[in-house]
Amino acid sequence: MIKNSFIPVISQKKEEENPGSVEFQVINFTNKIRRLTSHLELHRKDYLSQRGLRIILGKRQRLLAYLAKKNRIRYKKLINQLDIRESKIR
């Protein structure tokens with residue numbers, strides 16, 4: 001599990017935006033999701049980490065739904081930047 005590979009994405013955003021913005025929070029959650037996913041590939045029976053992953057996925061999904069409602073252009077830009085799939089809900 002390599003933590004340092006995700007730091008450049010965060011450091012780029014810190015200069016541009018504040019940590020409270022929706023984009024910054026989604027980027028943070030995405031980095032945590034990728035880190036937990038790589039951890040779970042090694043430790044399949046780590047159920048506590050699986051629960052944490054599901055919680056973080058839900059938080060990111062709610063933030064993305066909020067951003068999609070408020071500003072569709074920023075939402076599309078963020079989805080393309082992070083290379084994640086668009087939610088099919090609603």
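By class, 4 nonpolar, 2 polar and 3 charged residues line the second largest pocket (Ala, Val, Leu, Ile, Met, Phe, Trp, Tyr, Cys and Pro count as nonpolar, Asp, Glu, Lys and Arg as charged, and the others, Gly among them, as polar). The structure is a predicted model, in which local features need pLDDT of at least 70 and side-chain atom pairs count only at pLDDT 80 or more, while totals for chains, interfaces and linings use all residues. Residues are numbered from 1 along each chain as its sequence is written, and side-chain values use heavy atoms, leaving out hydrogens and water.

The lining of this second largest pocket consists of Leu57, Arg60, Gln61, Leu64, Tyr75, Ile84, Arg85, Glu86 and Ser87. Helix α3 supplies the largest share of the lining, 4 residues. A pocket here is an open set of points on a 1 Å grid over the protein atoms alone, where a 1.4 Å probe fits, with protein on both sides within 12 Å along at least five of seven lines; lining residues have an atom within 4 Å of a point.

Now to the helices, which are DSSP runs (H or I, at least four residues) numbered from the N terminus. Helix α2 (residues 22–42) packs against helix α3 (residues 47–70) at an angle of about 155 degrees, with the axes 9 Å apart. Axes are lines fitted to C-alpha atoms over the stretch in contact, and angles run from 0 to 180 degrees between N-to-C directions. The pair α2 and α3 is therefore roughly antiparallel (angles over 145 degrees count as roughly antiparallel, under 35 as roughly parallel, 65 to 115 as roughly perpendicular and the rest as oblique). Residues in this contact (heavy atoms within 4.5 Å) include Phe29, Ile33 and Leu36 of α2 and Leu53, Ile56 and Leu63 of α3. By class, the α2 contact with α3 has 13 nonpolar, 7 polar and 4 charged residues.

Helix α3 also meets helix α4 (residues 72–82), where the axes come within 6 Å and cross at roughly 135 degrees. The arrangement of α3 and α4 is therefore oblique. Leu64, Leu67, Ala68 and Lys70 of α3 touch Arg72, Arg74, Tyr75, Leu78 and Ile79 of α4. This contact of α3 with α4 has 6 nonpolar, no polar and 3 charged residues.

What about the remaining pair, α2 and α4: at what angle do the axes cross? The axes of α2 and α4 cross at roughly 25 degrees and come within 11 Å, which makes α2 roughly parallel to α4. Glu23, Val26, Ile27, Thr30 and Arg34 of α2 meet Arg74, Leu78, Gln81 and Leu82 of α4.

Technical notes:
Helix = DSSP H or I, 4+ residues; strand = E, 2+ residues; numbered from the N terminus.
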